[in-house]
Amino acid sequence: MSITSSAGAHGLPTRWRAGAGRVVAGTALLTAVAFLPWLSGTDPALTVLRARSAEQDPTPAQLAAVREQLGLDEGPFAHLARWLEGMARGDAGASWVSGEPVLPQVTTAFAVSVTLMLGALLVTVVVAALICARTLYLGSRQLWQGKTGAGVAVLAALPKFVLASLLATVCGVWLGWFPSQGWEGPQSMVLPALALGVPSGAMVGGLLDQSLPAAFHEPWARTWRASGLPPGRIARTALRRAVSGVLPQLLPTVVALVGGAVAVEKIFNIPGLGRLALEAAIAQDLPPLQTATLALVLLGVCAGLLIQAVRRALLGPALRDGALPALHPPTLPRPRSLPWIIGFCALALLLLVVAGMLRDPLHVDTTARLLPPSFAHPLGTDPLGRDLLARLGHGALHTAGVALAVTAAGALLGLLIGMATQVGAGLTEVVSTLPAVLAGLLTTAVTGPSVWGAACAVCLVAWTPYAAQTAALLEQERASVHMLASISFGAGPSYLLRHHLLPAVLPALVRNALLRLPTTVLVLASLGFLGLGEQPPTPEWGRLLSENQPYAELAPWTVLGPATALVLLSVLAVSGTAWRRGRVQRRTAGPHSD
């Protein structure tokens, strides 16, 4: 779709192109998965045999028997064609490792994951509503107050597997309120749903909370207030307007709650689809991996179509007729605490780095294993007796640098793909279903395990939230009255891009990227923990969390330090953006702005 085309133009061709994008992207993804055993650089027969019997040194005869049994010499295309033919008959084949039928395994795991997703989605909505409640109340009464965003950044930066370990220990083991292991009924869903939903709700709620002031600042809101309409009705209408721009963020969130919840599923011993796909990928067990990938793709496409339909219903005919008012946030007063928050986070991180750089991060002392914080070791020691302060300090620049580079690359790629609205929607729906771990396996099969190989793998999937957000905001901006007015006055594509489209997208895109910065660190750590990314003993923050997570109950300080550092980094980034946004708004505000 061109820059100047409206939302309602060429609807049927656009839908056909989006559908073609879904088919092409889904086919490419399934083909890439089918090539995984042959791309990995290791003999698929050897991997399968080890997964079956843990045989470390199989004989050539045993390997030849496995190759003949599985038909590995036929190549990936023959296997993919045979699997597709079986799927057309409702037969997904048998597992290469266990020999059991695949479809019942995937169906059971999919049902568990969808149930967990619905519970986590409920928590996400509740947390987002609590975050936005204050803004809804004040905005409906035109009582503007600035917010630092620090609380949202803290919740969004909480590592899900650390939160899961904490909930399992405190609410499951110590207090006995809910089961800490297994999947036995609705009560087993509470703790994992909280672990998944609280950070996701903070992220979605933060984006929505930042969009609401612009909705309350629209002309209709001022007219309604002057006419004496009740604040509750104004709040509901503004929420409907703001939700339409944030709603696409639910697509990667929903899919991540199904395919990307591997760590939480492992902690609570939940037989979900993400865990099944990861175990199949590591064992190169192709039939269950292909079937799980297909289930995730179908879920992503269905969720994307549903979210798109709900969003268009919320915006109504104005989206089709090009009658949407522009969203311009008012100039909000800057909170007095904002400079103090920025200064505290910056000073704390600076002291952490300086103090840590003066210590040896690689010194191993087995007599000082898991020591609590003391004068000699201010943050304690890890399972090998290494000083945690030293490892945090030495890993700070590396962690922040790689995470910022990956986040910037993902945001830029998402911006470019989101602007290609004709095919970007289908591509986003399919790629958002790809778990980062599976992307890491596919990428490192080509590049080999390295930090930049892991970074490329994360970039392959990290762009989807930004593409969804860009496409939604651009569609609304193209349907705005002032955009159509500029076109009627002869504005060209370059002018529209610089003065209308990019200014409507970039501020929200940057805020989204900064909220997702800690998540990028943790995804990179999960790949390193599986041997696909940064290798030990590199002191990287996310890897410190992954390595020390099994000791969280016995020695909580081993994860408290890295988690606190991530929270400080997230709060600093979000608060710094709020400071910068406030300065820009005050500098550009017109004389008649509210």
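## Terms and model

Helices (H or I, at least four residues) and strands (E, at least two) are DSSP runs, numbered from the N terminus. The model is predicted: local features need pLDDT of at least 70, side-chain atom pairs count only at pLDDT 80 or more, and totals for chains, interfaces and linings use all residues. Residue numbers start from 1 along each chain as its sequence is written, and side-chain values rest on heavy atoms, with hydrogens and water left out.

A cavity is a set of points, on a 1 Å grid over the protein atoms alone, where a 1.4 Å probe fits but cannot get out; its lining residues have an atom within 4 Å of a point. Grid points are joined across faces, edges and corners, and a volume is the space filled by probe spheres set on the points.

## The largest cavity

Searching the whole structure gives three cavities of 30 Å³ or more. The largest has a volume of about 100 Å³. Its lining includes H398, T399, V402 and A403, as well as E534, E540 and R543.

At least two lining residues come from each of α17 (388–419), α20 (451–462) and α24 (517–529). Of the contributors, α17 gives the most, with four residues. The lining has six nonpolar residues (Ala, Val, Leu, Ile, Met, Phe, Trp, Tyr, Cys and Pro), three charged (Asp, Glu, Lys and Arg) and three polar (the others, Gly among them).

## The second largest cavity

The second largest cavity has a volume of about 60 Å³. Eleven residues line this cavity, and A277, L278, P435, V437 and L438 are the closest to its centre. Both α13 (273–282) and α19 (436–447) supply at least two lining residues, and the largest share, four residues, belongs to α13. By class, nine are nonpolar, two are polar and none is charged.

Notes. 1 Å grid on protein atoms, 1.4 Å probe; cavity = no way out; pocket = protein on both sides within 12 Å on 5 of 7 lines; lining within 4 Å.
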